[in-house]
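Take a look at the model below.

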Amino acid sequence: MQIIGNQVIRLQDVDSTNNFAANLLNTTLPPEGTAILAYNQFGGKGQRGAVWQAEPGANLTLSVILYPKKIPASSQFILSKMVAVALADAVDEVSGLSSRIKWPNDILLNNKKVAGILIESAVSGMNLSQAIIGMGLNVNQQNFEGLPRASSLAVEAGKAFDKEQVMQQLFSLLNYYYMVLQRGNTAKIDELYLEKLFGYREDGLFRHSGGIDKGKITGIKENGRLEIEFSTGRVMEFENKEVEFLY
């Protein structure tokens with residue numbers, strides 16, 4: 001059953017599609033799967049207050065409203081995993097390339113960021129009551145001045161894309177994986193996330209509060225913390241922004 005994208009609210013200009021979705025939820029109860037799409041998002045949000053920059057009309061900046069009431073608040077990172085897997089699959093299918101998921105919320109092509117995710121959720125009792133899934137996908141933008149690690153589908157694939165087709169493919173895959181999650185098959189989502197995870201069980205360099213160390217990612221905890229085993233044998237867990245991947 002397709003629910004995601006059945007209703008699409010199209011906006012010309014908005015500060016943030018997540019903000020628009022939050023205001024909508026404060027005043028009404030939109031159908032699950034309602035999407036908010038902006039031609040120009042001038043105050044887009046990233047993780048921890050970062051700004052998501054996007055050229056007007058060139059990319060997909062959107063939010064989807066979900067009511068994932070079966071998901072415990074303590075393990076809500078599974079929702080982020082689900083969205084990342086769906087977004088990565090959409091990128092692969094439309095571009096013909098192979099993307100990676102960079103923990104916790106970025107999608108990479110050729111080690112360049114082409115998409116990001118910001119989920120804002122609310123809790124009722126022990127479970128989630130609602131979630132706003134914010135996504136930014138660089139589709140046809142060509143220039144990323146001052147952002148050396150950013151790119152787009154068009155730059156990496158060498159051709160322009162139909163944004164509407166890209167969006168419909170994204171909705172289809174989001175819907176598919178959301179149904180997997182709603183059926184309780186979190187193990188499948190976990191497996192697919194790790195298959196796509198950048199640096200998983202690969203030697204790398206990481207900067208953290210203790211300095212710069214060699215190590216490898218060994219897993220993601222249920223609460224979303226990143227687990228790294230360093231060459232010394234020490235295993236540590238990190239929240240977002242507590243560790244930096246060094247290329």
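R225 forms a salt bridge with E239, with the closest N and O atoms 3.1 Å apart. A salt bridge here is a side-chain nitrogen of Lys or Arg within 4 Å of a carboxyl oxygen of Asp or Glu. R225 lies in the loop between β9 (211-220) and β10 (226-230), and E239 lies in the loop between β11 (235-238) and β12, so the pair ties together parts that are 14 residues apart in sequence. E239 is partly exposed, at a relative accessible area of 30%. The terms are set like this: buried means under 20% relative accessible area, exposed means over 50%, and partly exposed is in between (1.4 Å probe, protein chains only). R225 and E239 also belong to a network of salt bridges with E237.

This is a predicted model: local features need pLDDT of at least 70, side-chain atom pairs count only at pLDDT 80 or more, and totals for chains, interfaces and linings use all residues. Residues are numbered from 1 along each chain as its sequence is written, and side-chain values use heavy atoms, with hydrogens and water left out.

Why can such pairs form? Side chains of opposite charge can pair when their charged atoms come close. Another case is E227 with K221, a salt bridge whose closest N and O atoms are 3.7 Å apart. E227 counts as buried, at 17% relative accessibility. K221 counts as partly exposed, at 31%.

Now find R207 and E244. Their side chains meet in a salt bridge of 2.7 Å, N to O. R207 sits in strand β8 (residues 204-208) and E244 in strand β12 (residues 244-246), so this pair ties together parts 37 residues apart in sequence. R207 is partly exposed at 37% relative accessibility. E244 is partly exposed too, at 36%. By the rule above, the count comes to ten salt bridges.

Step back to the chain. Its secondary structure comes to five helices and twelve strands. These are DSSP runs, numbered from the N terminus: helices are H or I with at least four residues, strands are E with at least two. Along its principal axes, the C-alpha trace spans about 55 × 45 × 30 Å. Buried residues make up 52% of the 247 residues.
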